[in-house]
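User: Can you walk me through a few helix contacts and a couple of residues in this model? Keep it plain, please.

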Amino acid sequence: MLEQDSRDGSIKMEFDFDAINEEDSPFPEVRASVSNIDDPEMPVMTLRMWIIGLLLCTVGGSMNLFFNFRQPAPNISPLAVVIISFPLGKLFAFALPISTYRVPRWLGGFEFSLNPGPWNIKEHVLVYIMANVAIGTPYAINAIVVAQINYGFKVDYWFSALLVVATQLTGFGLAGICRRFLVQPPSMVWPQNLVTCTLLNTLHAEEEERGGITRYRYFLFALSGAFFYWFIPGYLFQALSVFSWICWIVPNNVPVNQLFGVSSGLGMSILTFDWAQIAWIGSPLMFPWWAEVHMFIGFVLFFWIVTPIMYYTNTWNLAYFPLNDNNPYDRFGAFYNVSRVLDSQGRFNQTAYDNYSPLYLPATFAMAYLLAFALSTCVLVHTLLYHGRSLWNGVKRIRVEQDDIHAKLMRNYPDVPDWWYLISFVLFFLMMVVVVEVWHTSVPVWALLLSILLPCVYVLPSGFIYAMTGQGVSLNLLAQIIPGTLIAGNPIANMLFKAYSVQTLSEATSFVQDLKLGHYVKVPPRATFVVQVVGTLMASFVQVGVKQWMFDNVQDICSPDQPSLLTCPNNAVYFTASAVWGLIGPTRQFGAGALYSPELYAIIVGAFLPLPFWLWQRRYPNSWVKFVSTPVVLNGVSYIPPAGGINYSAWFATGFVFQYLIRKRNFAWWSKFNYITSAALDSGTVLSALVVFFTLQFPNGGIYLNWWGNTVYQNTADYGRLALKQIPPGGIPLQ
C-alpha cells in the first residue's frame with residue numbers, strides 16, 4: 001500500500017504518522033495550507049458562481065485563443081481568474097437581493113436565491129476549477145489550423161468543435177476512473193493545489209490572525225510589490241531578466257556564452273532578477289525539496305556534464321549548431337525548411353529530400369529525445385515496482401491508504417459513480433471516431449484505439465509523479481513516433497493521433513488535479529463533476545467560434561507580415577513537427593543507420609534503470625537509496641528545450657533558500673507564509689505582464705525603451721545563438 005511505499009521511500013515528502021491521531025493530514029505541507037474543517041451547509045452550486053465562472057471562462061478562453069495566434073502574447077492563467085473573481089463575488093454578494101425565489105411546480109418547484117450569503121470559498125474554488133480545465137487553448141486547435149492552412153484540408157465549425165470537445169473530454173472520463181489512486185490517498189499531495197488552497201484560504205479568512213502580520217495583508221503587500229517590481233525586468237531594464245553578466249564581459253567568446261548564457265546557454269551564471277524566469281518551469285516555492293534535488297541532479301548530470309561533452313567532442317555533428325535551441329537545422333546551418341521536401345500536393349518528396357538535407361538536432365534537443373526514450377520505459381517499470389501492490393489493491397477495491405481527515409470529511413457528500421466517468425470516456429471516444437470517419441481524415445479507427453491506449457497506460461505513472469512532484473509526463477515523443485512509423489507519409493493522421501493522445505493525458509491530469517483540489521476544499525464531488533463538464537463544453541464551443549471568426553475575417557492571418565502580428569507562431573512549430581514526423585518520418589531520424597539511431601538504446605536502459613535502486617532499498621531499507629526516484633530525475637528536465645539553463649539553476653537556488661533553509665530554520669514562518677508568497681509572486685507577475693502588454697506593447701505597435709539596459713544582452717553570442725564550429729563550404733558532408 002502507499003503507506004508502506006512511503007516508508008520504503010517511494011513517497012518522498014516527510015510523513016508524520018502521529019498527525020493521524022490529531023485529525024489532520026500526516027504531511028506538514030498539507031497541514032500548512034489546507035483547512036481540516038468543513039461546513040457542509042455552505043452553498044456551492046449558486047447562480048452567481050455559474051455567472052462569474054462562465055463569464056470569466058468565456059472571456060479568458062477567448063483571449064487565450066486569440067493570443068495563441070499572436071507573437072508576442074500574454075497568457076490568462078487560472079491564477080489570474082482567482083484574483084479577478086474574488087472582488088466580483090464580493091460585489092455580487094453586496095449588490096444582489098437576498099430574496100428567495102420558487103420556480104413553478106411543473107418545473108420542479110425548487111427554490112433558489114440570487115444572493116445566498118457571503119461569497120464563499122467553495123463557490124470560489126469551483127470558478128477556479130472551471131477556469132483550470134477550460135481557459136487554456138485546446139491542443140487540437142493547432143492541428144486544425146495546420147491542416148487547414150498548410151495541407152489544404154477543408155474544415156468547418158462542427159468538425160473543429162467536435163474534435164476539440166472529444167480531445168478535451170476523453171481525458172475527463174479517464175481521470176474519474178483513476179481517482180481512487182490519485183485523489184483519495186493522503187500521500188497524493190498535488191503541490192500546485194497547496195498554493196491554490198493557501199491563496200483561497202487567505203482570501204476567505206474570516207478571523208484576524210494573532211501574532212504578527214496576517215496572511216491576507218502579507219499577500220496584498222507581496223502581490224503589490226511583485227506587480228510594480230516586474231515593470232523593471234519586464235520593461236524598463238530587461239537585462240535584469242536576461243542577466244548574462246559574464247557574457248557581457250566577453251560577448252564574442254562562444255564557449256563562455258554557451259555555458260553561462262541565459263538566452264541560449266546553460267545558465268551556469270545562476271542569477272536572474274525576474275520571477276518569470278525563476279518560475280518558468282513552476283514556482284520553486286511549490287515543489288517539495290526532495291523533488292527539486294532530483295530535478296537539479298538530472299539537470300546537472302545531463303545538461304551541465306553529458307551535453308557539453310557530446311557537444312565539444314562534436315558527437316553527431318552537434319558543434320555545428322547552437323548548443324541550446326528547439327529548432328531543427330539543415331546541413332547548411334539554417335533552420336530546416338520543410339517546404340523544400342514537399343511536392344505541390346504537400347506530400348513527401350524523396351528526391352528533393354536527398355538533394356536538400358537530412359534533419360539535424362541541436363545538442364539539448366537531441367538530449368531531450370534521448371531522455372524521453374529512457375523515460376518511456378523507466379516510468380512504467382518504476383510504477384510497477386514501487387506502486388504495483390497499491391494498484392492491485394485498488395483494482396480489488398481494497399483501501400489503498402488509511403483515510404486522513406480530508407477523506408473522512410468528504411464522506412458527507414455522495415460520490416460520483418464510476419459509471420458516470422465510464423460513460424463519458426466511451427461517449428467522447430465514439431465522438432472522436434465520428435469525427436475522423438465523417439470528415440474523411442484518413443485516420444484509421446485502429447490508430448485511434450492505439451492513440452487512446454497510450455494515455456490509458458501512462459495516466460497512473462504520470463499521475464503519481466505529478467501528484468508528488470508537480471511535474472507531469474508528456475506523451476509528445478511517443479505520440480509522434482508511433483503514427484510516424486505506422487501511418488508513414490500521412491501528416492494529418494499524425495497530427496490528429498498526437499493531438500488526441502497528448503491532450504487526453506494532459507486533460508486527465510488537469511481533471512484529477514482539480515478533483516484533488518475539490519477534495520481539499522470539501523466541495524461535493526458531483527458539483528465538481530458538473531462544473532468541469534459544463535465549463536469545458538462551453539469554452540470549447542466558444543473558442544472554436546472565435547477561431548472560425550478570426551480566420552473568416554482577419555486578412556493574411558498566419559502570414560509572417562500580418563499587420564497585427566497574428567503570425568501563428570505555435571502553429572508554425574506544430575506544422576514543422578507534423579512534417580518531420582508525419583512526412584520525413586522517425587525511421588530517417590532514428591532507424592538503422594540513421595544519425596541518431598543510438599538514442600533508441602535509451603529505451604532499454606530506461607527499463608532497467610529503476611531496478612538496482614529498488615533492489616538495493618529492499619536489501620537495505622534504511623539506506624539513502626530509498627529516496628531515489630529515477631523517473632523524476634529523467635522527467636524533471638523535460639522542459640529543455642525551450643527552457644534554458646537559467647530556468648533550472650536560478651529556480652533551484654531559490655528553492656534551496658525557501659524549501660530547505662527557511663523550512664529547516666524557521667518552520668513556523670514557512671508554514672504560514674511560504675505558499676502565500678508563491679501565490680503572491682505568481683499573481684503579481686502575471687497581472688503586471690498583462691498590464692505591460694496591453695498598455696505599453698500592444699497599442700499602435702508598442703512603446704519600447706532603447707537604451708543599454710534593454711540591449712546589452714542582445715549583443716552577445718548567447719543571444720545570437722552562435723555555434724562552436726563553422727559549417728564547411730557546401731554544408732556538412734552527407735554520410
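User: Which way does H22 pass H24, left-handed or right-handed?
Analyst: H22 passes H24 in a right-handed crossing, where right-handed means the near helix is turned clockwise from the far one by less than a right angle, and left-handed means anticlockwise. This is a predicted model, where local features need pLDDT of at least 70, side-chain atom pairs count only at pLDDT 80 or more, and totals for chains, interfaces and linings use all residues. Residues are numbered from 1 along each chain as its sequence is written, and side-chain values use heavy atoms, leaving out hydrogens and water.

User: What's the angle between H22 and H24?
Analyst: About 115 degrees, with the axes of H22 and helix H24 (residues 569-584) 8 Å apart. Axes are lines fitted to C-alpha atoms, for helices over the stretch in contact, and angles run from 0 to 180 degrees between N-to-C directions. H22 and H24 are therefore roughly perpendicular to each other (65 to 115 degrees; under 35 is roughly parallel, over 145 roughly antiparallel, the rest oblique).

User: Which residues in H22 meet H24?
Analyst: Pro 491, Asn 494, Met 495, Lys 498 and Ala 499. Their partners in H24 include Tyr 574 and Trp 581; contact means heavy atoms within 4.5 Å.

User: And how does H7 pack on H22?
Analyst: Helix H7 (residues 157-177) and helix H22 (residues 491-521) pack at an angle of about 45 degrees, and their axes are 7 Å apart. H7 and H22 are therefore oblique to each other. H7 also passes H22 in a right-handed crossing.

User: New topic: is Gln 543 buried or exposed?
Analyst: Gln 543 counts as buried because its relative accessibility is 1% (buried is under 20% relative accessible area, exposed over 50%, partly exposed in between, with a 1.4 Å probe and protein chains only). Gln 543 sits in helix H23 (residues 525-553).

User: What lies 3.2 Å from a polar atom of its side chain?
Analyst: The backbone oxygen of Gly 136. Leaving aside neighbours within four places in sequence, Gln 543 is also in contact with other residues, among them Gly 61, Leu 65 and Pro 138.

User: What about Thr 100, buried or exposed?
Analyst: Thr 100 is exposed, at a relative accessible area of 51%. Thr 100 belongs to strand S1 (residues 100-102); helices (H or I, at least four residues) and strands (E, at least two) are DSSP runs, numbered from the N terminus.

User: Which residues does Thr 100 touch?
Analyst: Glu 111, Phe 112 and Ser 113, not counting residues up to four places away in sequence.

Technical notes: A polar contact is a pair of N or O atoms within 3.5 Å; within protein, one must be able to donate a hydrogen and the other to accept it, and residues adjacent in sequence count only if both atoms are side-chain atoms.
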